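Please read this briefing alongside the sequence and the coordinates shown below. The points are grouped by topic, from the overall fold to individual side chains.

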Amino acid sequence: MIEKKLDRAITDFVWNVVEIHSQLEDIHNSWAELLGITEPQWLILMAITELDGGRGVAGIDIANKLRVHPAFVTNQTKSLEKGGFLTRQPAADDARYVLMSLTAKATREIEKLSKRKLALNSTMFNDLDEQTLAALNVALATIAKNARLAARLLAIDVS
């Protein structure tokens, strides 16, 4: 009986994650449309915002953050550069790496959306306080780590 309840709880959790992912994808698509870019390009801009400490961000770091192939990031960032959303510069210490940073245009456009993003976040997380969110993030990080391990174990079994 306990195993059945745990299995039900895990199944409910998975479907909740699927639902949240779908809703976040719709939200990201809306933000992207407001800037005239695609949803993956929006996520790249958000990853750069998150990762850039003032020196720029390597494509491999963006790819790792978004869990996509580095070639995809290269392709998409070239389009973003043409659109005036980011700059791409060879790294000073290793020219094999290209470091990307948001342009003033991108920063301005994202800043224009910030009040709307705050209102949206307030709606999504209305019933959760900071402590609850922190505990949830710890639990989700643990599940993500264990899911990566499970995926590797499954890949070994399939091979």
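The model is predicted. Its secondary structure comes to six helices and three strands, which follow one another along the sequence in the pattern α-α-β-α-α-β-β-α-α.

**Overall make-up**

- Taken along the principal axes, the box filled by the C-alpha atoms of the protein is roughly 60 × 45 × 25 Å.
- When contacts between residues at least 6 apart in sequence are considered, 47% of them join residues that are at least 24 apart.

**Packing of helices H2 and H5**

- Helix H2, which covers residues 39-51, packs with helix H5, which covers residues 104-124, at an angle of about 90° and with the two axes 14 Å apart.
- Because angles from 65 to 115 degrees count as roughly perpendicular, H2 and H5 are described as roughly perpendicular to each other.
- On the H2 side the contact is made by Trp42, Leu45, Met46 and Thr49, and these residues meet Ile110, Leu113 and Lys117 in H5.
- By residue class, the contact of H2 with H5 divides into five nonpolar residues, one polar residue and one charged residue.

**Salt bridges**

- The count of salt bridges comes to four, and the pairs described here include one in helix H1 and one in helix H5.
- Aspartate 12 and arginine 8 form a salt bridge in which the closest N and O atoms are 2.8 Å apart; the two residues are four residues apart in helix H1, which covers residues 2-35, and are therefore separated by about one helical turn.
- Aspartate 12 has a relative accessible area of 36% and so is partly exposed, and arginine 8, at 47% relative accessibility, also counts as partly exposed.
- Lysine 112 and glutamate 109 meet through their side chains in a salt bridge with an N to O distance of 3.2 Å; they lie three residues apart in helix H5, so that about one helical turn separates them.
- Lysine 112 is exposed, with a relative accessible area of 56%.
- A salt bridge also links aspartate 94 with arginine 96, where the closest N and O atoms are 2.6 Å apart, and arginine 96 counts as exposed at 69% relative accessibility.

**Valine 68 in its loop**

- Valine 68 lies in the loop between helix H3, residues 59-66, and helix H4, residues 70-82.
- With a relative accessible area of 31%, valine 68 is partly exposed, because that class takes in the values between the 20% limit for buried and the 50% limit for exposed residues.
- Once its neighbours within four places in sequence are left aside, valine 68 is in contact with Ala63 and Val73.
- Valine 68 and proline 40 are 28 residues apart along the chain, and their C-alpha atoms are separated by 9.9 Å.

Methods:
Residues are numbered from 1 along each chain as its sequence is written. This is a predicted model: local features need pLDDT of at least 70, side-chain atom pairs count only at pLDDT 80 or more; totals for chains, interfaces and linings use all residues. Side-chain values use heavy atoms; hydrogens and water are left out. Axes are lines fitted to C-alpha atoms, for helices over the stretch in contact, and angles run from 0 to 180 degrees between N-to-C directions. Angles under 35 degrees count as roughly parallel, over 145 as roughly antiparallel, 65 to 115 as roughly perpendicular and the rest as oblique. Contact means heavy atoms within 4.5 Å. Ala, Val, Leu, Ile, Met, Phe, Trp, Tyr, Cys and Pro count as nonpolar, Asp, Glu, Lys and Arg as charged, and the others, Gly among them, as polar. Buried means under 20% relative accessible area, exposed over 50%, partly exposed in between (1.4 Å probe, protein chains only).
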